[in-house]
Structures are given as C-alpha cells and as structure tokens.
Amino acid sequence: MSQHVSGSAPVGVVRGSKPAVGVMGAGWVGLVTAACFAELGHHVFVRDVDEKRIDALLAGHVPIHEPGLTELIHEYRDQLRFTLDPAELLAAARIIFVCVGTPSTRSGDADLSAVWRLIREIPRLSAPVTLVMKSTVPVGTGAKVRAELDAWGLEHVGYVSNPEFLAEGSAIRDVRRPSRIVIGSSDKNHGDAVEALYAGVDAPVRRTDVASAEMIKYASNAFLATKISFINEIANVCEETGADVAAVADGMGLDERIGPHFLHPGVGYGGSCFPKDVAALKQLAGNSGYHFELLNAVIEVNELQKRRVLTKLVWHLGPLRGKRVALLGLAFKPNTNDVREAASLVLASRLVAEGALVRAWDPVALAEAAPLLDEDVELCADVLDAVDGADAAIVVTEWPELRNLPLAEVRRVMRYPLIVDGRNALDADAVCAAGFAYEAIGRPRQSTMRSAAATSDRRLTMRPYLRLEPA
Ligand code: UGA
C-alpha cells in the first residue's frame, strides 16, 4: 500500500533539481528529518513498517506531538510520500536516512535489530546508494554495517554517519538552525553527497571518520546528562548549606567555559535519549574493557534525584499512607507527550507503594502515561481537579500552565497547602504569599509550616534531604 499525500506526483518522478531523499522510519526523528528536508526543497519518501502509522500520515494525521511538525508536513505535503514499501523509496531516492529506534536491550546495550532488518532489505541494486545513519548507534556500528554490506556484494552502497542533535519540543528549530552538522564517512564522495543536502542551512559542518561521528553523539548526550547530575548534586548540597542553587547556577554559567545551559536542577533527566544513551555509552566502554566510572555516578545521582521529592513530602506530611498527592506533569519535559523514562513514572510508582492516593494531570500526555501508571493512579484533565482535596501537589514537568497556576483557587481546594516544585518553576514569593508551604530543589526553605501528622513521625526529625556525614 502506498499513496501520495496529495496524490499529485507519480512514484519516482521528482520535480526540481534537488535530489530525492529517502527516510526509513516515520518516528519522531524520521518525520522531523523528512519535513525539514521537504522544506529545503527535496522530495522525501518516508517508509515505515507500521501500517497504522502510515495510514494516519496519509490521512493527514501526524501521530507525534512536536511543535510545528504537523504544520510543516501539511505545508510540504506535495513533496512528501509515505509508504510501507521499501522498494518504492529505493526506486526514487539515492540517499537513504536510517531513522529507526535503537532502544536499550536488557543488558543496557543499544538494540540494533531494527537497523539490521532495514539494511537486509536493501536490494542488490547496481546504482550507487548512500545509507545515512541518523539513529543513535554504538561506536563501531558503521564498521560492522560496512563489513556486512561488502559481504553481500554491496560495495557500491556508501555508509555515512550523520547523527541528529534534536531536542524534543524544539526539533524543527534545531534542524533549521543546528549547532553543528556532523558527517562521518570513509568515502569522501558519499560524505559530499550528504553535505550537499544541507545546502542552505547555516551551521558549522564537521567532516570526520565514521567512528568519531558516532562517538560525538554519545559523548554529547553523556556530557549534558553529566551536567544535569552535577547541578542536581550541587542543589542537594545547597539544601544542606543554605546556598541558593539558582544563584549558584547563574554565577557558574557566566563563565563561558561552563556556559549557562543544562544547569537547571530538578527531579532528574528523563526521555528517550539521555537515560538510554548514557547507559549505552557505559556498556560500550565496558564491552571494550574500559570502566567508565563517571557515568555510573551520573546514572546513580539521576535515579536518587527522582526519589528525593518523597523525603520532602514525608517531612511535611508524615507517613504517606492515605495522603492525597497531585502529580502535576507527566511528560519527561514540556512541549512533548513523551513519557519515556519520565520522573513522573518513578514518583507515581513510589507514592503508590507508600500508600498515597495519587491524582495526575498533564496537558497532553495522559493517554501515553496511562498504560505505564499503576491502575490506582487517577488521571485528571484539569489541574484543579487533580489538586482538589490534595495534601500536596508536586510539579514534575514545568508546563507553562503550572507557572501560571491560579494559586488562590488551588489553595482553596487543597486539603493541606503544600507545593513541592520539582523544577523550580514557580515564583516562590507568590506561592508563599498565597499561603502555601513551598519546597523547591536546592533553594532556601520558604516556609516551615508542617502538619501535626508530620511532627509525630520519628523520621521527620531529619531534614528532608540526605545528611552529609563527616568522613
Ligand atoms: C536530548 C538532547 O538535548 C539533544 O541534543 C539530543 O539530540 C536528544 O537528546 C537525542 O539524543 O535525540 P531531549 O531528550 O529531547 O534531547 O531533551 P532535553 O531537552 O535534552 O532534556 C532531557 C532531560 O533533561 C529532560 O528530562 C529535562 O527535563 C532534563 N533537563 C534538561 C534537566 O533536568 N535540567 C536541564 O538543565 C536540562
């Protein structure tokens, strides 16, 4: 089955002088890549194995929440063809982007089965084809693919690594104005062909060997995750020492060697990339005989950070059994409905295990979160509904709706006025002025209000964070 969205151009006929582009995989990376190449003037053939997904795209429905993506796909629908048939794509395009998922296996390595399936589908064409790896794959994958292609007599098929650096929620902007375009190839001509596709995009281009391009992607994500775990630990020490992490991060970020980005403390990083890629780099190092100690700490800090919120709740409320807790935000970050590895899932699960009654709200991710949450978690379409009767509200995702919470109304409907701001997203003064006890991450405590229930609990003689014991 295949159709053109607008039904205008026949298969293989490509108007204009720009080469046609093939995209294998109509997931988030594939669709963003396809839409942006269409915007650059290319005809793009997008293939996926998921019939429902292709049908949805053909019907004009974009099954992914990414700002601007639906609009772009609709605007350039005459240049986009969605299909289930790999042969159709291969007949029209000589440059094929591989944009399939590489989730973690049980061992923490990247699962490359979708990549291998796809490569095995390449017919033994005599025409030169360039395979371009956009999926995040372990260093060394390019060399393995090359060896396999050669073994099948496909020496004329080129292989290029062209990692993506797109962040969910800003992916279209990240393609239009990328920080860099990395092209790793062993054959200059194939690398040149890929570089030419980006004509018109203003960004530094780095040409490298394949392994280095693969490593640039992993090292970049692991470094950003390290920055987050570092500032989260600084925040935790700030809580012990009375410093304010917001002022600390600001003061650090002014040093251009450090930079202001990714110094925002919170409930830990989540999403489909950082947790998976940090684990994969750690495993890759281990498989190669190197123990990457720093990444162990990055992962461990992140796991503990998701759970620290509970200690703050207990400090105020005492044992959580029977307490009503509102989880505000389920997506792993704003502007996406992606809940993969979201801190909200860990928090919900811990709260349920402690016997709390959880009501959760998110503006776009309720459907995605539902199958991953305990069935006792109640899902609410409205923030006020989620906080109604609650003993505590936890800000898990910094959605704009939460920055502008109608505080007086929230205060009126909550049973006990406690807000734990897991993203330092709210205006502390306004929250306290509205009569709440307010807990943030790494910031001075704004209120010492505690319920009677809390003070009767032995555990609550502790401060709500880990104490650093002298060595
Ligand atoms: C990340 C990278 O930022 C992209 O460059 C990369 O291309 C992408 O992974 C990928 O490999 O495909 P993404 O996962 O969409 O992008 O999201 P980020 O904006 O990086 O946020 C990741 C997590 O870190 C979120 O949970 C966010 O809340 C958290 N975060 C981010 C912090 O806790 N503090 C910060 O200062 C920044």
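Phenylalanine 262 sits in the loop between H10 and H11, where helices (H or I, at least four residues) and strands (E, at least two) are DSSP runs numbered from the N terminus. The model is predicted, so that local features need pLDDT of at least 70 and side-chain atom pairs count only at pLDDT 80 or more, while totals for chains, interfaces and linings use all residues. Residues are numbered from 1 along each chain as its sequence is written, and side-chain values use heavy atoms, with hydrogens and water left out.

The phi angle of phenylalanine 262 is near 60°, a positive value in a residue other than glycine. With a relative accessibility of 37%, phenylalanine 262 counts as partly exposed, a class that lies between buried, under 20% relative accessible area, and exposed, over 50%, as judged with a 1.4 Å probe and protein chains only. Asparagine 335 also has a positive phi in a residue other than glycine, here near 65°, and this residue is found in the loop between strand S10 (324–328) and helix H13 (343–353). Asparagine 335 counts as partly exposed, at 37% relative accessibility.

Helix H10, which spans residues 245–253, contains valine 248. Valine 248 is partly exposed, because its relative accessibility is 27%. Leaving aside residues up to four places away in sequence, valine 248 touches Ile234, Cys238 and Ala243, where contact means heavy atoms within 4.5 Å. Serine 344 is 96 residues from valine 248 in sequence, and the two are 26 Å apart in space, C-alpha to C-alpha.

A polar side-chain atom of lysine 217 lies 2.6 Å from an oxygen atom of the ligand, and an N or O atom in the side chain of lysine 333 is 2.8 Å from an oxygen atom of the ligand. From phenylalanine 332 it is a polar backbone atom that lies 3.1 Å from an oxygen atom of the ligand. The ligand taken alone exposes 710 Å², and the protein buries 91% of that, with accessible areas coming from the Shrake-Rupley method with a 1.4 Å probe and, for residues, only the protein chains shown counting as cover.

A pair of aromatic rings is described by the distance of the centres and the angle of the planes. Rings of Phe, Tyr and Trp (its six-membered ring) pair if their centres lie within 6.5 Å, and planes under 30 degrees apart count as stacked, over 60 as edge-to-face and the rest as tilted. A search of the whole structure finds five aromatic pairs. In one of them, phenylalanine 37 and phenylalanine 97 form a tilted pair, 5.1 Å centre to centre with 40° between the planes. Because phenylalanine 37 lies in helix H1 (residues 28–39) and phenylalanine 97 in strand S5 (residues 95–98), the pair ties together parts that are 60 residues apart in sequence. Phenylalanine 37 counts as buried at 2% relative accessibility, and phenylalanine 97 counts as buried at 0%. The rings of tyrosine 290 and phenylalanine 292 have centres 6.2 Å apart and planes at 70°, so this pair is edge-to-face. Tyrosine 290 is exposed, with a relative accessible area of 54%, whereas phenylalanine 292, at 27% relative accessibility, counts as partly exposed. Ring pairs also link Phe37, Phe97 and Tyr198 into a cluster.

Threonine 130, in strand S6 (residues 129–133), is buried, with a relative accessible area of 6%. Asparagine 302, in helix H12 (residues 293–317), is buried as well, with a relative accessible area of 2%.

Definitions and conventions: A polar contact is a pair of N or O atoms within 3.5 Å; within protein, one must be able to donate a hydrogen and the other to accept it, and residues adjacent in sequence count only if both atoms are side-chain atoms.
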